[in-house]
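Have the sequence and the 3D view ready as you read.

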Amino acid sequence: MIRQLTSDDFTQFKKLCEAQHKEAELPESNIGSWPSYLKKIKQILISNTDNVFVMFEDNKMIGYTIGTINEIPWNDNRFGDIGMFFVNPEHRNKRNADNLWNAIVDWFEQNQCRYVMASVFLFKENCEADKHHIDRASAYFQSKGMNWCGNFFVKGLNE
């Protein structure tokens, strides 16, 4: 089952986010605090341009995606931006990922978006790319017909 995140889901959502951080091997300095993240998630839930969909299997939250509707600055074309997309590795398969993908893309289509974008990036403490995770996520989005069209660059400040 896939549906929008509600405040009743926050405990399970936190566990899922922790599983995502663990799998990505995020350094402590890049994880942040749950109260800060929860504040941002609450803002997303009351926004008309952001949404969080969560996936359940046997009453356990196993995946989520966060999407944002944006407009191009120089015209009125709307586009959907997938900011987060995660399925717990224990439940990761094409069916679950595709169902989550369909939920967010359907929402973008219902909101008259002309296209969907997804950003794929993950870096370690030293700002080096985590190629394994980037390649895996990129392969999935390419399997959905998405095309590579740019790069992300990162450099730590105060280094």
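This is a predicted model: local features need pLDDT of at least 70, side-chain atom pairs count only at pLDDT 80 or more; totals for chains, interfaces and linings use all residues.

## The largest pocket

Rolling a probe the size of a water molecule over the atoms shows where empty space is left. Here, the largest pocket has a volume of about 1000 Å³. Its lining is made of 34 residues, and those closest to the centre are Gln20, Met84, Phe85, Phe86 and Phe121.

Which elements supply at least two residues each of this lining? They are the helices α1 (10-24), α2 (28-31), α4 (94-110) and α5 (131-143), together with the strand β4 (78-87). The most comes from α5, which gives seven residues. Sorted by class, the lining holds 21 nonpolar, nine polar and four charged residues.

## The second largest pocket

Around it are 25 lining residues, with Ala118, Val120, Trp148, Gly150 and Phe152 nearest the centre.

Both β5 (115-118) and α5 supply at least two residues of this lining. The lining of the second largest pocket divides into 18 nonpolar, six polar and one charged residue.

## The cysteines

A disulfide is a covalent bond between the sulfur atoms of two cysteines. How many disulfides does the count give? The count comes to zero.

Take cysteine 149: the closest cysteine sulfur, in cysteine 113, is 16 Å from its own, so the two are too far apart for a bond. Cysteine 149 is exposed, with a relative accessible area of 73%, whereas cysteine 17 is buried, at 2%.

Key. Residues are numbered from 1 along each chain as its sequence is written. Side-chain values use heavy atoms; hydrogens and water are left out. On a 1 Å grid over the protein atoms alone, a cavity is a set of points where a 1.4 Å probe fits but cannot get out, and a pocket is an open set with protein on both sides within 12 Å along at least five of seven lines; lining residues have an atom within 4 Å of a point. Grid points are joined across faces, edges and corners, and a volume is the space filled by probe spheres set on the points. Helices (H or I, at least four residues) and strands (E, at least two) are DSSP runs, numbered from the N terminus. Ala, Val, Leu, Ile, Met, Phe, Trp, Tyr, Cys and Pro count as nonpolar, Asp, Glu, Lys and Arg as charged, and the others, Gly among them, as polar. A disulfide is a pair of cysteine sulfur atoms within 2.5 Å. Buried means under 20% relative accessible area, exposed over 50%, partly exposed in between (1.4 Å probe, protein chains only).
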